[in-house]
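Colleague: I am new to this structure and would like to go through it step by step. Please show it, and then I will ask.

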Amino acid sequence: MEINERLTADYSQEYRKNIRCIFISLFFSVSLSAVTLGPLFDAYLLNIGGQHGNKLVGAVESTRGVLQLAFAYPIGALSDKMSRVRLLKGDLLFWTLGLFLLLLGIASGSVPMLFIGMAVWAPCSQCWNSTSQVVIADSAASAARTTVLSRMTSLRLIAQATGPMLQACMLLLSGQNHWGTSLLKAVTLSGAVLWPGVMWTLRMSDVPPLEKTEGMHGALGLRVWGPS
């Protein structure tokens, strides 16, 4: 019993670290999405689309929504078959690529590049957001799970409010009253400075679900477990 308690205490630090890393990454990723892919992004699409601006906005946003819906089930099935922490870390690579392509499309005004970037970004964003919630549930004790998930939801709402606030500050600092393409481009591209915060995902530890390890300790006593 004493050895089990010591093992649980040692590894509980890893679970707390995983929750902290997800919270930090979540805040920065949601804030970035609000800045780079929020309402001003749609306004930018309207500007570069000209007479077909409304169609361009609808097409880009539809691409995002359809791909996230289409990949929701495959991502869930994949997360049940492999380590979810490894899935998050692998997803981060392609998610970063999607952001780079989107920023490249915004900077160059290339519509094809915007669609390619969104096609990469959307499923990766869906993967991270859905899988991170499961990792949070896996890393919290059953008695505290509801509280931790509630805090995650509150943090998401705070980040969603932080993004528009940052946009408003940048628009005020610009001193411009007209949302020209150059201003919209500068504001949306500025969201990239938040991306390093998402890299906290890489600091997560690949450990099994907390309840699984507790069961293994209770059944096997001295057994030392590794990543699932």
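Modeller: This is a predicted model. A place to begin is the unreviewed UniProt entry, which lists residues 21–41 and 92–116 under "transmembrane region".

Colleague: What share of residues 21–41 is helix, and how far apart are the end C-alpha atoms?

Modeller: The UniProt entry lists this stretch as a transmembrane region. In the model, residues 21–41 are 0% strand and 90% helix, and the end C-alpha atoms are separated by 28 Å.

Colleague: How far apart are the end C-alpha atoms of residues 92–116?

Modeller: This stretch is also listed in the UniProt entry. The model has residues 92–116 as 92% helix with 0% strand. The distance between the end C-alpha atoms is 17 Å.

Colleague: Is Cys21 buried or exposed?

Modeller: The cut-off for buried is under 20% relative accessible area. Cys21 has a relative accessible area of 1%, so Cys21 is buried.

Colleague: Where does Cys169 fall, and how many disulfides are counted?

Modeller: Cys169 has a relative accessible area of 39%, which makes this residue partly exposed. A disulfide needs a pair of cysteine sulfur atoms within 2.5 Å. By this rule the number of disulfides is zero.

Colleague: Which handedness does the crossing of H2 and H7 have?

Modeller: Helix H2 covers residues 39–49 and helix H7 residues 181–190; their axes come within 9 Å and cross at roughly 145°. Residues in the contact include Phe41 and Tyr44 of H2 and Leu184 and Lys185 of H7. The contact residues comprise seven nonpolar, three polar and one charged. The crossing of H2 and H7 is left-handed.

Definitions and conventions: Residues numbered from 1 in each chain as written. Predicted model: local features only at pLDDT ≥ 70, side-chain atom pairs only at ≥ 80, totals over all residues. Heavy atoms only, no water. Buried < 20%, exposed > 50% of the residue type's maximum accessible area, 1.4 Å probe, protein only. UniProt positions renumbered as here; feature names shortened; annotations may be inferred. Helix = DSSP H or I, 4+ residues; strand = E, 2+ residues; numbered from the N terminus. Axes fitted to C-alpha atoms, helices over the stretch in contact; angles between N-to-C directions. Left-handed = near helix turned anticlockwise from the far one by under 90°. Contact = heavy atoms within 4.5 Å. Nonpolar A, V, L, I, M, F, W, Y, C, P; charged D, E, K, R; others polar.
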